[in-house]
Amino acid sequence: MRPNPVRRPVDRGVAVAVLGLLVVALTVVPALALSTGKAEYLAQRREAAAALSSHHVVDAVVLTTPEMVGSEPGGGASVRADVGWTGHDGHPRAERAEVPSSSRAGNRVPVWVDAADRVTPPPPTEVVSRASATGTAVGVLALGLLGCGALTKTVRAVADGWARRRWEWEWARVEPEWSRQGPG
């Protein structure tokens, strides 16, 4: 098949580049998003398994009036209070921990602690792991598609600029001859 003589080489190059970016946007970017999301999910589950093997829940008593100290991801308020419990060595422990917003002094609340009886955050749940993985995958997909779109726009802008300069150069060579001929 012969190339179209009306089509400039730069147009063919742009068409190949845009087609290549389209293939990347439709195949590579989604595959990368899926693999990144899966990696995030597996990392979250490994973190949960490690936390479950070295951390445990204790039954603590709320010692002070809970206070709101800020907001958490997802929009909820973080409520903290001093809590007390008996450590694995039998000695009383007390530390500031996150408690349910409905807690009052004297209530019993579950608190996650590590092997040294220090308060730790709870391990990520299955729902948290899936949400984190989904967010990561959607973010990678969005950034990848935006990147492909930006590269397509850049390729076209560079090619259009090059074609315009080429046309101006060619016209500068031909225009004096055409101007001399005049009409009729």
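Which side chains does a polar contact of 2.8 Å join? The pair is Asp-117 and His-88, where a polar contact is a pair of N or O atoms within 3.5 Å; within protein, one must be able to donate a hydrogen and the other to accept it, and residues adjacent in sequence count only if both atoms are side-chain atoms. This is a predicted model, in which local features need pLDDT of at least 70, side-chain atom pairs count only at pLDDT 80 or more, and totals for chains, interfaces and linings use all residues. Residues are numbered from 1 along each chain as its sequence is written, and side-chain values use heavy atoms, leaving out hydrogens and water.

**Confidence**
- The chain has a mean pLDDT (the predictor's confidence in each residue, from 0 to 100) of 90, and 90% of its residues reach 70 or more.

**Asp-117**
- Asp-117 sits in the loop between β5 and α2 (126-181).
- Its relative accessibility is 3%, so Asp-117 counts as buried (under 20% relative accessible area; exposed is over 50%, partly exposed in between, with a 1.4 Å probe and protein chains only).
- Not counting residues up to four places away in sequence, Asp-117 touches (heavy atoms within 4.5 Å) His-56, Trp-85, Gly-87, His-88, Asp-89, Arg-93 and Glu-95.
- Although not a glycine, Asp-117 has a positive phi of about 60°.

**Helix α1**
- The 46 residues of α1 (residues 9-54) should span 68 Å at 1.5 Å a residue, and the end C-alpha atoms are 65 Å apart, which agrees; the expected span is 1.5 Å times one less than the number of residues.
- A kink of about 35° is centred on Ala-25, the bend being the angle between axes fitted to the seven residues ending there and the seven starting there.
- Ala-25 is one of the buried residues of α1.

Definitions and conventions: Helices (H or I, at least four residues) and strands (E, at least two) are DSSP runs, numbered from the N terminus.
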